[in-house]
Amino acid sequence: MNYGHALRFGLHLPSDADCGPGRLVEVAGLAEQWGLDLLVVPAGTAGDDLEPLTVAAWIAGATVSLGLVLEARPDTLHPAMLARAVAGLDRLTEGRVELAFRAGPSAAASGTADSVAALGEAIAVVRELWNVLDRGLGRFTGRFYRLAGAEKAAPAHDVPISVDGQDQDLLRLVGLRADEWSTGCDAVALTRGNRAVDEAARGAGRDPREIRRRVTIRGGFGERAGRFTGTAADWVNDLLPLVVEHGVGTIVLDTEERDVAAGFASEVAPALRAAVDAVLLRGWSGARVRRSAVRARRRPGIDYEGAPPEMAEVVEPGDPAYARLRSGYLRGGAPGIILRAATNEQVTQALAFARRHPGVALSRRSAGHGVSGRSTNDGGIVIDVSLMNAIEVLDRKTRRVRIGPGARWAEVAAALEPYGWALSSGDYGGVGVGGLATAGGIGYLARGHGLTIDRLRAVEMVLADGSVVRADDAENPDLFWAVRGAGANFGIVTAFEFEADDVGAVAFARLTQDASDLERYLVEWGRAVEDSPRDLTSFLIVPPPRGGRPALAVSHTMVDSSDPETVRARLEPLAAISAVYAQDVVITSYAAVMDNASERPEEALDILVRLTEPGHGAEHPTFALLAALDTAEAAVRVGRSDLADERVRVLEAWARRTGAPWARCAAHVTRGLLGGARAEGAFRAALDVPGARSHALLYARAQLSYGEWLRRGRRRTDARVRIGAALEAFERLGAEPLRQRAQREQDLTGAPGRRGSSDTWAMNQLTAQEQRVAELAAEQLTNREIGVQLRISHRTVGHHLGNVFAKLGINTRSELSHLHAGCEPRERR
C-alpha cells in the first residue's frame with residue numbers, strides 16, 4: 001500500500017525527570033546536525049515543569065531547519081489558546097511546526113466516546129482560528145467548546161495535525177479531520193487501522209493519500225534480539241515492509257541513547273530510503289495531495305492537476321499563502337491559481353500553462369503595487385515573479401546594474417548606496433521593480449534625473465510563446481522601445497539592466513500645512529515647484545479631512561543637495577504657501593529616504609484611526625488602546641496633534657485605572673512626542689516609570705523617541721546615548737524595522753561606525769549617566785563644562801569619569817577619545 005508520502009525520519013525528545021532544558025536543546029541540535037527531519041516534543045515531562053510550547057520555543061531558537069512536532073492534549077490547554085500559540089511559533093520558525101493530539105479525558109467528557117468527540121471539536125476550533133481565508137471572527141458551537149467571535153491567528157504554513165491512538169472512534173476521527181495518524185509499529189494494528197482510516201476518509205469525500213502514517217519505534221544496535229536490533233541492515237529489513245506494505249511515511253525513534261540515535265540517522269535512514277526507491281516505482285513519492293478542504297475552494301475552468309510541477313510554488317485558493325498573495329497593494333483579488341516563478345524556465349512553464357487556458361484571465365505581478373489592478377484578477381491565473389529579486393553590479397565603470405523584477409526599490413537603493421549611486425524610483429520603497437520600470441517611474445529625483453525608464457539600458461523577457469529574448473538599442477530595438485512604458489503588454493520582463501546615477505547626500509523634507517483654501521494651495525504649490533531649480537522634486541498628499549477639521553496638505557520634497565543654504569533656499573517657497581503645522585527636514589542618503597517611505601504615516605494613521613471609529617467594521621477598543629502610541633506617533637508626523645492628544649488621554653485614563661507600567665510609560669512618551677516645553681520631562685518620566693524596563697520593546701521605543709527629540713534639538717551627544725541604547729535593544733529583540741530606524745537616527749547624530757560586541761565601548765558596560773559623561777569627555781569638555789550641561793557638580797563628573805576609566809580599562813581622556821572615534825586604545829606599558 002503506497003500513499004505517496006516521501007519518507008521522513010525523526011527523534012522523540014526525552015521526557016525523563018533528569019532531562020533539563022539544556023539537555024533538551026542539545027538533543028535537538030544533534031538531531032538537526034545528523035540530518036533528521038523532525039523532533040517530537042512530548043506532551044509533558046515526568047519531573048520538570050516544562051510544557052511543549054515552552055520547550056519548542058527554546059529549541060526553535062537553537063535550530064534552523066528541524067521540524068517540530070508539538071504533542072498536546074486538549075484537556076490541558078484550551079484549543080483556542082493552543083491554536084494561537086502554535087500559529088505564533090510557526091511564524092517565528094517560518095513554517096516548521098506540526099501539531100500532534102493525544103486523546104485525553106476532557107473536563108466536560110465522560111467516557112471514551114466523549115473524549116474522542118471532544119478531541120474532534122478541539123481540532124475544529126484550531127482549524128477555525130487558523131482559517132484566515134474566510135474573513136471575520138472565528139465562530140464555533142459544540143458540546144465541549146464554543147467560540148463566540150474570536151480573532152483568528154494565521155500560521156506561516158498549513159500546519160499538519162496528527163492524532164495518536166488505535167481506538168476505532170479515534171481512527172474514524174483521523175479519517176475525518178486529521179492530516180496524519182500516529183501509532184505503534186504492529187503490522188496487524190497498522191492493517192486494521194489503515195482500513196478504518198481510509199474508509200472514514202472516503203466517506204467524508206477525502207482522498208486517503210491526504211493522511212500521512214507515522215510510527216514510533218524503539219531499538220538498539222548490536223546482537224540481534226528481535227525487531228529493530230542488530231545491524232543497520234537488520235533495521236532496514238524490519239522497516240521496509242512498514243513502508244511498502246502499510247504506507248508508513250514518517251518513522252520516529254524513541255531512544256535516550258545517543259549512539260543509537262546517531263546510527264539511526266546516519267545508517268538506517270539513508271539505507272531505508274534507497275531500499276524503498278529500489279522496490280517502488282520511480283516517482284512514487286513525488287505528487288503532492290492537497291487536503292479536500294483546499295480542493296473544495298478550487299475555481300472552475302482551471303486544470304489544477306496540470307499545474308507545472310517545476311514552479312517554485314503553486315498557490316491555490318485553499319492554501320494558507322493565498323491570503324497573503326491573492327490581492328495587490330491597492331486592489332483586492334481572488335485569482336484561481338498563483339504560479340510563483342524564480343527562473344526564466346519557470347516563467348516559460350507558467351506561460352505554457354496559461355496558453356492551455358485561453359478563456360481564463362491572466363495577470364502578471366512583481367510586487368502588486370500597481371494602481372490599475374492588473375496584478376490580480378477574479379478566478380484567473382497570476383504569474384508572480386516576486387522571487388526573482390536579485391541585484392547585481394555588472395560594470396562599476398559604467399554603473400551598469402542588473403535587477404530582477406521582484407526586487408523592491410528600497411532594496412535597490414540600499415544595494416547601490418555603497419557605490420554612491422541611485423536610481424530615481426518612485427516615492428515608496430516597497431514598490432517592486434517590474435511594474436514601475438515598465439510603466440514610467442516618477443520618483444523623488446525625477447526633475448533632475450528623469451524617469452526610471454530613462455535609465456533603462458536593456459531587458460531580458462519571456463514572450464507569450466515562451467521564448468526568452470534580450471532587448472536593447474541594438475537587439476530587438478522595437479521591443480525595447482515598447483517595453484519602456486507598455487511592457488506589461490509585450491511579455492514578462494525577468495531582468496532589467498540600468499545605468500545608475502551618481503547621487504550623494506540629499507535633503508528630504510516633510511511639511512504639513514494648512515489647506516483650508518485648497519484651490520489656492522494647489523495653484524501655489526504647483527507654481528513653486530515649476531519655478532524651482534530641477535534639483536527639487538516634490539510630491540503632495542491631501543488626506544480627506546475628518547470630523548469637520550480643516551484640510552491639510554502634506555508635501556514630501558527632495559532636494560538633490562547636501563548644502564544647508566541651498567536646501568533652505570529651495571524649501572522656503574513651499575513653506576511660504578500657508579501656515580506650517582509640522583515639519584521634518586533631514587540631510588541623509590537617498591537609500592534612507594526610500595526606506596523611510598515605507599513607513600507612510602498618512603496611510604498608517606488612516607488605518608489606525610479606524611480602530612476608534614464607532615460603527616466601523618475595524619472598531620476594536622482593545623486594539624485601539626494597544627496601538628495608541630503608534631496612532632499618536634503617526635498623528636504627530638502628519639500634523640494632527642489633536643488626534644495625538646486624544647490618544648494621550650486614553651493612555652492616561654487606562655494607567656490611572658490599572659496602574660499598568662506599560663500604559664504609564666506609553667502615555668509619557670506620547671506627551672513627549674507632542675513637543676513643547678514639557679517634552680523632555682515627559683520622555684524622562686517615561687524612562688523612570690517603575691516596571692517599564694520589563695517591557696523591553698516599549699522601553700527601547702521610549703529611548704529612541706527621546707533620542708530623536710534630542711537629535712532634532714542638536715543635542716547630538718545626548719542623542720547618541722539614548723539612540724545607542726535603543727539600537728542595541730532592537731538588535732537583541734530582533735525588531736528589524738525599529739533597528740533600521742534607530743541606525744538611521746544614530747547615523748544622523750554623526751556617531752562613528754558600529755563596533756563589534758567585544759569592543760570596550762559597549763553601551764551596556766556603563767550606566768546612562770556614565771555614558772553621557774564619557775561622550776562629553778571624549779569631546780574634550782572640561783569637568784566643569786560637563787557639569788554645567790548635565791546639571792551636576794564637577795566633583796560628581798570626576799567620580800563618574802573614574803568609573804568610566806575603570807570599566808573601559810583606560811587611564812586618560814586621550815584613550816577615551818580614541819575609543820569614541822572607533823579606535824582601540826594604545827597598549828599600556
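Buried residues here have under 20% relative accessible area, exposed ones over 50%, and partly exposed ones fall in between (1.4 Å probe, protein chains only). Keep that scale in mind for the first stop: Arg402 is partly exposed, with a relative accessible area of 23%.

Before you start clicking, note that this is a predicted model, in which local features need pLDDT of at least 70 and side-chain atom pairs count only at pLDDT 80 or more, while totals for chains, interfaces and linings use all residues. Residues are numbered from 1 along each chain as its sequence is written, and side-chain values use heavy atoms, with hydrogens and water left out.

**Stop 1: Arg402 and its partners**

Select Arg402 and show side chains around it. A salt bridge here is a side-chain nitrogen of Lys or Arg within 4 Å of a carboxyl oxygen of Asp or Glu. Arg402 makes one with Glu460, where the closest N and O atoms are 3.3 Å apart. Glu460 sits in strand 18 (residues 456–462) and Arg402 in strand 16 (residues 400–403), so this pair ties together parts that are 58 residues apart in sequence. Strands are DSSP runs of E with at least two residues, helices are runs of H or I with at least four, and both are numbered from the N terminus.

Glu497 belongs to strand 20 (residues 492–499), so its pairing with Arg402 in strand 16 ties together parts that are 95 residues apart in sequence. Glu497 counts as buried, because its relative accessibility is 7%.

**Stop 2: the network at Asp501**

Next, select Arg399, Arg455, Arg457, Glu499, Asp501 and Asp502: salt bridges that share partners join them into one network. Center on Asp501, in strand 21 (residues 501–502). Is Asp501 buried or exposed? With 10% relative accessibility, Asp501 counts as buried. Contact means heavy atoms within 4.5 Å. Not counting residues up to four places away in sequence, Asp501 touches Arg399, Gly420, Trp421, Ala422, His449 and Arg455.

**Stop 3: Arg143 and Asp114**

How many salt bridges does a search of the whole structure find? The search finds 50. For another of them, select Arg143 and Asp114, whose closest N and O atoms are 3.1 Å apart. This pair links distant parts of the chain, 29 residues apart: Arg143 is in the loop between strand 5 (138–141) and strand 6 (146–150), and Asp114 is in helix 4. Arg143 is exposed, at 59% relative accessible area, whereas Asp114 counts as buried, at 15%.

**Stop 4: the nonpolar cores**

A nonpolar core is a set of buried Ala, Val, Leu, Ile, Met, Phe, Trp, Tyr and Cys residues joined through side-chain atoms within 4.5 Å. The largest one has 84 residues, and Leu99, Ile217, Ile251 and Leu272 touch the most other members. Helix 4 (residues 112–130) gives the largest share of this core, ten residues. Apart from this core lies another, of 39 residues, including Leu423, Val431, Phe539 and Val586.

Zoom in on Ile251: beyond four places in sequence, its contacts include Phe9, Val215, Ile217, Leu239 and Leu272. Then step to Gly249 in strand 10 (residues 248–253). Gly249 counts as buried, at 0% relative accessibility. Leaving aside neighbours within four places in sequence, Gly249 is in contact with His5, Ala6, Leu7, Arg8, Arg212 and Arg213.

**Stop 5: two open sheets**

Strands pair if DSSP finds at least two bridges between them. Strand 12 (residues 337–340) and strand 14 (residues 381–384) pair in the parallel sense over four bridges, and Ile338 stands opposite Val382 in strand 14.

Move on to the open sheet with the order 23-24-22-25, where the pairing is antiparallel. Eight bridges join strand 22 (residues 506–514) to strand 25, and Thr512 has Ala582 in strand 25 as its bridge partner.

**Last stop: helix 21**

Finish by selecting helix 21 (residues 628–637), where seven of the ten residues are buried. Among them are Leu629, Thr631 and Glu633.
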